[in-house]
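Good morning, and thank you for joining this group meeting. Please look first at the sequence and the structure, and then I shall take you through selected features.

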Amino acid sequence: MGYTDVLELRRFGRKADVKRAKFSAGPNTGAAQLLAYLASAPLIAAALVIVADGARAELAAYFMSLYGAALIVFFGGVRWGVAVMKEGGPTLRALLGAALPLLAALPLLAPVGDVYWKFAAIMAVIALLLIDDLKATRSGSGAPAWYLGVRLPLTVLIELAFLIAIVGRAG
């Protein structure tokens, strides 16, 4: 019995005696959607700078590689946040699932080599994390279902930004 159920019992008597209206509106994801779209904006802007082939294209590419690696770390943090919110607490498997994105991002954060090879790696890791998140949510061990409604469009925007940058550089 939850805290709100106890309050209802105190106000109205037994839980079975209280008639409740069934309110079936979905979760309010507006703020999460806004944050996701704002998070993709710097990548899209940097990709457009690369396409324009301006003097700042290399700086924009370096920024994209760092930002992409930071997004991988963020998605690992989301996994950890989901794990610690479970009733039984986080497991060693959850710790591994949260730490692997961090480990994958570390070489991408290093300021060595051509940043464009990192784009494909970032795209692959973010896609793999999405696939794993989809599987975990469907099995009931992942984030709430509404999260994927935000995460999927964000992932598409991220992948598109990197694809635009790769094509822009090649062109």
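This is a predicted model: local features need pLDDT of at least 70, side-chain atom pairs count only at pLDDT 80 or more; totals for chains, interfaces and linings use all residues.

Arg151 and Asp133 form a salt bridge, and their closest N and O atoms are 2.3 Å apart. By salt bridge I mean a side-chain nitrogen of Lys or Arg within 4 Å of a carboxyl oxygen of Asp or Glu. The pair links distant parts of the chain, with Arg151 in helix H6 and Asp133 in helix H5, 18 residues apart. Helices are DSSP runs (H or I, at least four residues), numbered from the N terminus. Both Arg151 and Asp133 are buried; the term buried stands for under 20% relative accessible area, exposed for over 50%, and partly exposed for values in between, with a 1.4 Å probe and protein chains only.

Residues are numbered from 1 along each chain as its sequence is written, and side-chain values use heavy atoms, with hydrogens and water left out.

How many salt bridges does the structure hold? There are 4 salt bridges. In one of them, the side chains of Asp132 and Arg79 meet at 2.7 Å, N to O. Asp132 lies in helix H5 and Arg79 in helix H3 (residues 57-84), so this pair ties together parts that are 53 residues apart in sequence. Arg79 is buried, at 16% relative accessible area, whereas Asp132 is partly exposed, at 34%.

Asp114 and Arg169 also meet in a salt bridge, at 3.9 Å, N to O. This pair links distant parts of the chain, 55 residues apart: Asp114 is in the loop between helix H4 (92-109) and H5, and Arg169 is in helix H6 (residues 145-170). Asp114 counts as partly exposed at 36% relative accessibility, and Arg169 counts as partly exposed at 43%.

The largest pocket has a volume of about 650 Å³. Of its 26 lining residues, the closest to its centre are Arg79, Ala94, Asp132, Ala136 and Ser141. H3, H4 and H5 are the elements that give two or more residues to this lining, and H4 gives the most, with 7 residues.

On a 1 Å grid over the protein atoms alone, a pocket is an open set of points where a 1.4 Å probe fits, with protein on both sides within 12 Å along at least five of seven lines; lining residues have an atom within 4 Å of a point. A volume is the space filled by probe spheres set on the points.

The second largest pocket has a volume of about 270 Å³. Among the 16 residues that line this pocket, the closest to its centre are Ala32, Leu35, Phe74, Tyr147 and Val150. Here the elements giving two or more residues are H2, H3 and H6.

Ala46 is found in helix H2 (residues 30-52) and is buried, at 6% relative accessible area. Beyond its neighbours within four places in sequence, Ala46 is in contact (heavy atoms within 4.5 Å) with Ala60, Phe63 and Met64. Thr137, in helix H5 (residues 116-139), is buried at 16% relative accessible area. The side chain of Thr137 reaches the backbone oxygen of Ala143 at 3.3 Å.

How values were computed: A polar contact is a pair of N or O atoms within 3.5 Å; within protein, one must be able to donate a hydrogen and the other to accept it, and residues adjacent in sequence count only if both atoms are side-chain atoms.
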